[in-house]
Amino acid sequence: MGRAILAASLATTLLTSGAWAQRKTFTPGDLWLWRTISETRISPDGRWVVYTENWNDRAANAVYQNLWLASADGRERRQLTDGAWRDWSPRWSANSDAMAYISNRTGSAQIRIRRIESGQDSQLGQLAQGPLALTWSPNGDALAFTAPVVAKPSAAWAPEAILRFLKAPAGHPQLWVIPVTGADLSGATTPGATTPGATTHGATAPGATARQITTGDLNWLGEPAWMPNGQSILCEAAADPDPEHPLEGGEIFSVRPADGAMKQMTQHEGPDEQPTPSPDGSRIAWVSADAKAQSYVVRNLYVMNPDGSRIKLLTGGFDRDVARPQWSSDSRTIYFLAEDSGAAHVYLARLDGTVHPVTKGHERLRDFSLADNGRAAAIRSSATEGGDAISFAADLPDGVTTLAAPNEHLLAERHIAAMEEIHYDSGGHTIQGWIVKPSGFDQSVKYPLLVDIQDTPRAMYGYEFQLRAQILAAAGYALLLANPRGSPGYGEEFGSLLRTRYPGDDADDLLRGVDYAVTRGFIDAKHLAVSGGLVAAWIIGHTDRFSAAVLRDPIADWLIDIATQPDGLRRAASWMGAMPWDEPDQYVKHSPVYFARNFQTPTLVVGDSPAADEMDFALRARKVDSALVRLPAAGGPAVNVMELEAELGWIGRKR
């Protein structure tokens, strides 16, 4: 995809020596100034793009998020909501005259409706449990949404006074419908009914009553989707995790809102998700992964008839994860996002099974959406763009219009460190990575190297703007950002190489990356640092070549991790290959704390978890130069700033 006008002007500015000399370097305090755009949604008529933009309130130590609206041609832009609250999940009505969204401005998550022409914005309903995802009916007279139904703890053996101390049974999100047409949007409350979260089917709303249309023990997940005729709603639903079948996922169901009649549309052991009906109602697209005993399985794109018949795999030879499928208005083509070798782009799939790239270039796109007229919206990040809202024609992707660039002014005032793409061999595989060079880079100078590991969760480094890397490089470090074995974006075989070997081979790949970086001539081999979670904790138990380490919320013991994570059963099956009582040695062999006898690297542990305490205990018991900084996960944006400041302070002690 071609560069936007903003990117071109920024590049021109970077070449102007006078402007460059006046630029400042990034600091951890810039995290307060950074703004993030999310959830770009283009209206069905292709005229408008709504998106959310979050901002940090330093005085309140809080992150807030509001709605913005831009014309798809980039000529108009205005803020729709403005306040110290969070708005999210904006969704357009089919005729583009209104949007529904979720907001916590009243103190709890509630659905709101905004009329585009009049600007009228009012709460729809008073839900006891906040909605999780929502979507409009085709004729705009109702919304379908998912919301939790809270289960109360009960036990015949327990005295009543003990009930509040019992672990509550898991609540099951259910599917609900609430009318919009004719509802009183003035905010007046209609008394006398129950709310989502109760055990009956009613819900009070100002001028409208929500109906719970599903019951039972299934968890209704993801975003619902109405069939074009408005007679049924598609949604993913999954049973609670089963220890005997830990890799099974949800199935696609069709639910009739009139009476709650339900039909299971897929019969597949792996997860089935993101149901998306074609505009003419002739087919349903969805994303699915097989239930393979692997650490990584590619998510493919499928289609079926509206009755669940004639299932067809469209991306069998594509070998990349499919996300956010969107139909063309003629129901012949499905557009989707996929990550590939550091980039993320839009692709299209034909019903004959052919797949073609739509966008290209060294950039990453996310939050893609498509209008009826073929106009698209997305968020783009590159080496010089910090996550901008853009629009483009799907058939002319080079004609990009930048709609919003909230970090434009900050980037224009800062030195942007250069990122050099590298490739090197490790264990018979080619590893892709990037070296981020320090500000004012000089090839004749030796710089300390920081290996920055992104492993919680496992994700792909790429061509996007890396604010964290820029802050660290501004402090005088060269950074190695690499995608070792097990990383997504390189196909199923590469991504699944780590089953029962995580961590292990991926750490070897990173160490080979250090060797490669040293050969470049500008790395000080006596000043190497490593920062990350599980893999960083593993590395300090297997080599003493690093002069400093920072462990950020590490996994110390796989047993504790699978016992405390919501997807623990899946982790046990995918990563360890067995439960701990069946293969205890497997857990010991890949849990960093059991290699504490080798700990020598001066290490800072950052976190407030049992794993952080484990690593701190082991380091102190081995009399290793170390420290523990307890930063609570819910400590607001100040925690992110303090973490970076602590990290820089620790690794810079002996430079």
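These legends describe close-up views of one predicted protein model.

**View 1. The whole protein, with its overall dimensions.**
Residues are numbered from 1 along each chain as its sequence is written. The protein has twelve helices and 38 strands. Both are DSSP runs, numbered from the N terminus: helices are H or I with at least four residues, strands are E with at least two. The radius of gyration is 26 Å, close to the 26 Å from the globule rule for 655 residues, so the protein is as compact as a globular protein of that length. That radius is taken over C-alpha atoms, and the rule is 2.2 Å times the number of residues to the power 0.38. Along the principal axes, the C-alpha atoms fill a box of roughly 70 × 70 × 55 Å.

**View 2. Surface and interior.**
Of the 655 residues, 55% are buried. Buried means under 20% relative accessible area, exposed means over 50%, and partly exposed lies in between (1.4 Å probe, protein chains only). The protein exposes about 27,300 Å², and carbon and sulfur atoms supply 50% of that area. Accessible areas come from the Shrake-Rupley method with a 1.4 Å probe; for residues, only the protein chains shown count as cover. Now look at contacts between residues at least 6 apart in sequence: 55% of them join residues at least 24 apart. A contact means heavy atoms within 4.5 Å.

**View 3. The largest nonpolar core.**
This core has 55 residues. L449, V530, W558 and M615 have the most contacts inside it. Helix α7 (residues 534-539) gives the largest share, six residues. A nonpolar core is a set of buried Ala, Val, Leu, Ile, Met, Phe, Trp, Tyr and Cys residues joined through side-chain atoms within 4.5 Å. Apart from this core lies another, of 32 residues, including L411, V436, F465 and L481.

Which residues does W558 contact, leaving aside its neighbours within four places in sequence? They are Y502, P503, L534, W575, M576, Y587, H590 and S591. Two of these names, Y502 and P503, are joined by a cis peptide bond, with omega about -5 degrees. P503 sits in the loop between α5 (492-495) and α6 (505-519).

**View 4. Two loop residues with positive phi.**
Most residues other than glycine have a negative phi, and most peptide bonds are trans. N61 has a phi near 50 degrees, a positive value in a residue other than glycine. N61 lies in the loop between β2 (48-57) and β3 (62-71). With a relative accessible area of 27%, N61 is partly exposed. D553 also has a positive phi, near 45 degrees. D553 is in the loop between β36 (548-552) and α8 (558-564). Is D553 buried or partly exposed? At 45% relative accessibility, D553 counts as partly exposed.

**View 5. The open sheet β15-β16-β17-β18.**
Four strands form this sheet in that order, with antiparallel pairing. Two strands pair if DSSP finds at least two bridges between them. β15 (219-226) and β18 (262-264) stand at the edges with a single partner strand each, so one side of each has no neighbour in the sheet. The twist averages 30 degrees from one strand to the next. Angles run from 0 to 180 degrees between N-to-C directions; axes are lines fitted to C-alpha atoms, for helices over the stretch in contact. β15 and β16 (residues 233-238) pair over five bridges. A225 has L234 in β16 as its bridge partner. Six residues lie between β15 and β16 in their hairpin, and G230 in the turn has a positive phi of about 75 degrees. Three bridges join β17 (residues 251-255) to β18. There, V255 is partnered with M262.

**View 6. The hairpin of β23 and β24.**
β23 (residues 323-327) and β24 (residues 333-340) pair in the antiparallel sense over three bridges. The bridge partner of Q326 in β24 is Y335. Five residues lie between the strands, and S331 takes a positive phi near 65 degrees.

Technical notes. This is a predicted model: local features need pLDDT of at least 70, side-chain atom pairs count only at pLDDT 80 or more; totals for chains, interfaces and linings use all residues. Side-chain values use heavy atoms; hydrogens and water are left out.
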